[in-house]
There are 2 protein chains.
Amino acid sequence: MLSALGHDGRLAIFRLLVKAGPQGVAAGQIARTLDVLPNSLSANLNILAHAGLIASRREGRSIIYSADYGAMSGLLGFLMEDCCNGAPEICSPLTAVLARVEGCGPACAPKSPA
Amino acid sequence: MLSALGHDGRLAIFRLLVKAGPQGVAAGQIARTLDVLPNSLSANLNILAHAGLIASRREGRSIIYSADYGAMSGLLGFLMEDCCNGAPEICSPLTAVLARVEGCGPACAPKSPA
DNA sequence: CTTATATTTCGAGAATAATGGAAATATGGA
DNA sequence: TCCATATTTCCATTATTCTCGAAATATAAG
């Protein structure tokens, strides 16, 4: 997953998909938005999907891609536990980040642009 | 940073340094612990350092490498904010992770192996 | 000043990844 | 069936990264 995200284009794709929400975005629209060739995009979508970071579903002629929240959460959890185990200086600021985004919790509105 | 960590060997190095704490580990000992050639290690340490994830200091004949907690915290913060903005499903489990590592906070013991 | 230890730098070869054009597949509609 | 749209697959080229041996640098000690 880290190497999949360690690529400007793929990170941009993933960010776009996360911001788009669970409904996802069609491949063609991703290509237009990010101004990349459809075949390059397809290859990168494949890499992200193979890493488990995104999912896809067909809808008519389009194929809709969406971020896999669980996977990203798992990745962050792995990094945090792997890091915090012995390094509270890493996690401490993260509680502040979580507090700032504040919408994070079982009882929050799905979309509240800060 | 993501691409620096998106490499098995470098991730192993970084994890080792995080676990070692602020005192750091000498390059030679890293090489022995992870069983990698010293020149390969040096190249990877360079990549991690250039990404800002680790720092180095000379100590006698050895060069001691240590994890940069602030950089890792910043990376996680970026990922969390970039992701949570609109995706509480990602952050929600992370509060649980933070609660589990529990040592994370201004007033916690620096080392409490769970 | 020579020797030993620790680490880096250099350089070449191999492996891997990225890019982009062109063709192929899949779906929907006339 | 035929055409248009959407996406993928195939392929070759280029670029980047990885790996490892050998030499170079830096520090310490006798």
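Predicted model: local features only at pLDDT ≥ 70, side-chain atom pairs only at ≥ 80, totals over all residues.
Residues are numbered from 1 along each chain as its sequence is written, while chains are lettered from A and ligands numbered from 1 in the order in which they are written. Local features need pLDDT of at least 70, side-chain atom pairs count only at pLDDT 80 or more, and totals for chains, interfaces and linings use all residues; side-chain values use heavy atoms, with hydrogens and water left out.

Chain A contains six helices and three strands. Helices (H or I, at least four residues) and strands (E, at least two) are DSSP runs, numbered from the N terminus. Read from the N terminus on, the order of elements in chain A is α-α-β-α-α-β-β-α-α. Chain A has 114 residues, and 43% of them count as buried. Here buried means under 20% relative accessible area, exposed means over 50%, and partly exposed is in between, with a 1.4 Å probe and protein chains only. The accessible surface of chain A is about 5900 Å², and carbon and sulfur atoms hold 53% of that surface. Such areas come from the Shrake-Rupley method with a 1.4 Å probe, and for residues only the protein chains shown count as cover. A contact means heavy atoms within 4.5 Å. Taking the contacts in chain A between residues at least 6 apart in sequence, 56% join residues at least 24 apart.

How is chain A related to chain B? Ser73(A) gives an example of contacts between the chains. Ser73(A) is part of helix H5 (residues 69–84) of chain A and is buried, with a relative accessible area of 6%. Leaving aside residues up to four places away in sequence, Ser73(A) touches Glu89(B), Ile90(B), Pro93(B) and Leu94(B).

Two other residues of chain A are exposed. Asp35(A) sits in the loop between H3 and H4 of chain A, and its relative accessible area is 69%. Its phi is near 55°, a positive value in a residue other than glycine. In chain B, Asp35(B) likewise lies in the loop between H3 and H4, with phi near 55° and a relative accessibility of 69%. Pro38(A) belongs to helix H4 of chain A and counts as exposed at 58% relative accessibility. Pro38(A) and Ala27(A) are 11 residues apart along the chain, and their C-alpha atoms are 7.8 Å apart.

Which residues come closest to DNA strand D? There are 19 residues around DNA strand D, the closest being Gly28(A), Asn39(A), Tyr65(A), His7(B) and Asn39(B). A residue is near a strand if one of its heavy atoms lies within 4 Å of it. Of the atoms of DNA strand D that come within 4 Å of the protein, 69% belong to sugar and phosphate. Some of the approaches are polar contacts (pairs of N or O atoms within 3.5 Å; within protein, one must be able to donate a hydrogen and the other to accept it, and residues adjacent in sequence count only if both atoms are side-chain atoms). A backbone N or O atom of Ala27(A) is 3.1 Å from a phosphate oxygen of DNA strand D, and a polar backbone atom of Gly28(A) is 2.5 Å from a phosphate oxygen of DNA strand D. The side chain of Arg61(A) has an N or O atom 3.5 Å from a sugar or linking oxygen of DNA strand D. Helix H3 (27–34), helix H4 (38–50) and strand E3 (62–67) of chain A, together with helix H4 (38–50) of chain B, each give two or more residues to the surface near DNA strand D.

A polar side-chain atom of Asn39(A) lies 2.7 Å from a base oxygen of DNA strand C. The side chain of Arg10(A) places an N or O atom 3.1 Å from a phosphate oxygen of DNA strand C.
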